[in-house]
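User: I am new to protein models. Please show me how to read one.

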Amino acid sequence: MSPIRSFITTADEQVPFVSVKERIVQAMCAASLGIVLLYGAGFASMEALHNAAHDSRHSAGFPCH
């Protein structure tokens with residue numbers, strides 16, 4: 001059984017219509033990612049968080065010391 005898709009037409013382009021089921025799946029994935037990030041950062045040691053931020057800053061090309 002394939003989902004029936006339709007398009008919402010705007011003045012410039014056609015945007016695919018997202019069904020309620022697809023919206024729920026997207027919301028659940030976003031909520032799961034948020035929970036993992038929140039609890040992952042909440043239970044990590046401060047030294048690990050500092051080192052991760054430090055490495056991210058250096059990989060972006062910003063000097064820090």
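User: Is Tyr39 buried, partly exposed or exposed, and what is its relative accessibility?

Analyst: Start with the cut-offs: buried means under 20% relative accessible area, exposed means over 50%, and partly exposed lies in between (1.4 Å probe, protein chains only). Tyr39 has 48% relative accessibility, so Tyr39 counts as partly exposed. Phe43 reaches 71%, so Phe43 counts as exposed. His54 has a relative accessible area of 15%, so His54 is buried. Of the chain's 65 residues, 2% count as buried.

User: What should I know about the model itself?

Analyst: It is a predicted model, where local features need pLDDT of at least 70, side-chain atom pairs count only at pLDDT 80 or more, and totals for chains, interfaces and linings use all residues. Residues are numbered from 1 along each chain as its sequence is written, and side-chain values use heavy atoms, with hydrogens and water left out.

User: How many helices and strands does the chain have?

Analyst: Helices (H or I, at least four residues) and strands (E, at least two) are DSSP runs, numbered from the N terminus. This chain has two helices and two strands. Their pattern along the sequence is β-β-α-α. Phe43 belongs to helix α1, residues 20–43. His54 belongs to helix α2, residues 46–59.

User: How many aromatic pairs are there?

Analyst: A pair of aromatic rings is described by the distance of the centres and the angle of the planes. Rings of Phe, Tyr and Trp (its six-membered ring) pair if their centres lie within 6.5 Å; planes under 30 degrees apart count as stacked, over 60 as edge-to-face and the rest as tilted. The count here is one aromatic pair. Tyr39 and Phe43 form it, stacked, at 6.0 Å centre to centre with 15° between the planes. Both residues lie in helix α1, four residues apart, about one turn of the helix.

User: Which side chain does His54 join through a polar contact?

Analyst: A polar contact is a pair of N or O atoms within 3.5 Å; within protein, one must be able to donate a hydrogen and the other to accept it, and residues adjacent in sequence count only if both atoms are side-chain atoms. The side chains of His54 and His58 are joined by one of 2.8 Å.
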